[in-house]
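Visitor: I would like to learn how to read a few local features in a model. Please take them one at a time.

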Amino acid sequence: MSRSALVGNVTAMLEDAGFVVSDRCAIRPKSFDIAARRGDDLLLVKILGNIDAFNRATGHEMQRLGTYLHATPLVIGLRSRDEDLKPDVVYFRHGVPVFSPDTAYNLFIEGVPPLIYAAPGGLYVNIDGDLLADEREDRDWSLGRLANELGVSRRTVSKYEDGMNASIEVAMALEELFTSELTSPVDVLEGAEDVHESDSTPEDPAADPDDEEVVAVLSNAGYSVHPTLRSPFKAISEDQDDGDNEVVLTGHSEFTKAAEKRARIMSSIGQVTRTHSVYVVDRAKRDAVDGTALVERDELEDLREADDLRDVIRDRAEREEVA
């Protein structure tokens with residue numbers, strides 16, 4: 001299956017599941033392919049035939065975007081170098097959860113979350129430690145008795161009851177012993193943090209030298225600016241003085257056909273992520289592109305307060321909608 005067809009299939013599946021999906025980010029470089037929202041659940045999705053193409057830099061950028069946009073970054077792929085991705089198993093690459101289209105279908109269409117995740121050493125599941133302890137005590141079994149039944153140490157059983165996850169083999173043995181479901185699903189939409197210890201949000205990259213002046217103006221106006229390297233926008237800017245902590249997707253370049261295409265994609269992403277977008281250009285003959293406000297560089301320097309810039313962005317986007 002071609003990557004384009006795979007993106008189309010995943011997009012259609014998410015729409016069938018009730019998600020509003022952005023236009024595809026058909027530009028390079030790109031850290032994600034589509035944004036999708038269903039209620040309060042916001043996804044940033046990278047779609048790959050071979051997940052080995054997903055590198056550390058892209059993973060770190062997706063983590064940063066997830067933090068600033070309050071979204072779950074994830075990768076949907078078909079295979080790794082060694083084998084096809086197993087159904088109903090969550091993998092991890094560079095701190096981002098990865099799973100197959102079948103797993104995505106079960107999760108988003110059927111409402112059945114995965115129970116298994118891959119980690120160094122094999123496949124694992126979450127054990128409900130409190131339930132395990134209750135089952136053991138109901139049988140009046142000691143930690144040592146259960147340890148002998150499982151062929152593990154008493155200390156290991158104690159760790160299971162304290163919340164340590166177990167291999168599939170141990171989980172199956174436990175459920176056979178107690179004839180009860182003792183596992184809990186992987187909470188993918190919360191970043192699967194219950195099973196995967198990732199580092200804190202990676203630091204922002206340095207701004208492109210061509211963008212440093214724009215970043216300085218935005219910062220002086222009261223925005224916290226987070227540069228990006230592999231996204232359809234150059235930065236995510238947060239208005240720290242706004243009570244709602246308004247987020248603005250920010251672009252900057254000469255206003256070319258490529259810039260116009262980028263601005264349209266920013267608008268589509270903004271509609272899904274519930275953010276505004278602004279594109280800073282040297283010269284503009286129009287107010288906006290599909291809801292992305294256009295602001296000339298000289299004009300931006302005169303907007304010294306966050307309120308002024310916010311009003312310009314909203315006014316130009318609204319005027320285009322009316323037109």
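This is a predicted model: local features need pLDDT of at least 70, side-chain atom pairs count only at pLDDT 80 or more; totals for chains, interfaces and linings use all residues.

Visitor: Which residues does UniProt list for "domain: HTH cro/C1-type"?

Guide: UniProt positions are in the numbering used here, feature names are shortened, and annotations may be inferred rather than shown by experiment. The unreviewed entry lists residues 132–189. That span is 59% helix and 7% strand, and its end C-alpha atoms lie 25 Å apart. Helices (H or I, at least four residues) and strands (E, at least two) are DSSP runs, numbered from the N terminus.

Visitor: How many aromatic pairs does a search of the whole structure find?

Guide: Rings of Phe, Tyr and Trp (its six-membered ring) pair if their centres lie within 6.5 Å; planes under 30 degrees apart are stacked, over 60 edge-to-face, and the rest tilted. The search finds three pairs. One of them joins Trp141 and Phe178, with centres 5.6 Å apart and planes at 50°, so this pair is tilted. The pair links distant parts of the chain, 37 residues apart: Trp141 is in the loop between α4 (129–138) and α5 (143–150), and Phe178 is in helix α7 (residues 168–178).

Visitor: Are Trp141 and Phe178 buried or exposed?

Guide: Buried means under 20% relative accessible area, exposed over 50%, and partly exposed in between (1.4 Å probe, protein chains only). Both are buried.

Visitor: Which charged end sits over the ring of Trp141, 5.4 Å from its centre?

Guide: A charge sits over a ring if NZ of Lys or CZ of Arg is within 6 Å of the ring centre and within 35 degrees of the ring normal. Here the charged end is that of Arg139. Arg145 also lies over the face of Trp141, at 4.2 Å from the ring centre.

Visitor: At what angle do α5 and α7 pack?

Guide: Two packed helices are described by the angle between their axes and the distance between the axes. Axes are lines fitted to C-alpha atoms, for helices over the stretch in contact, and angles run from 0 to 180 degrees between N-to-C directions. For α5 and α7 the angle is about 120° and the axes are 10 Å apart. Contact (heavy atoms within 4.5 Å) is made by Leu146, Glu149 and Leu150 of α5 with residues of α7 including Leu174 and Phe178.

Visitor: Where does His70 lie?

Guide: His70 is in the loop between α2 (56–69) and β4 (72–79). His70 has a positive phi of about 55° although it is not a glycine, and at 65% relative accessibility it counts as exposed. Asp88, in the loop between β4 and β5 (89–93), is likewise not a glycine and has a positive phi of about 60°. Asp88 is partly exposed, at 29% relative accessible area.

Methods
Residues are numbered from 1 along each chain as its sequence is written. Side-chain values use heavy atoms; hydrogens and water are left out.
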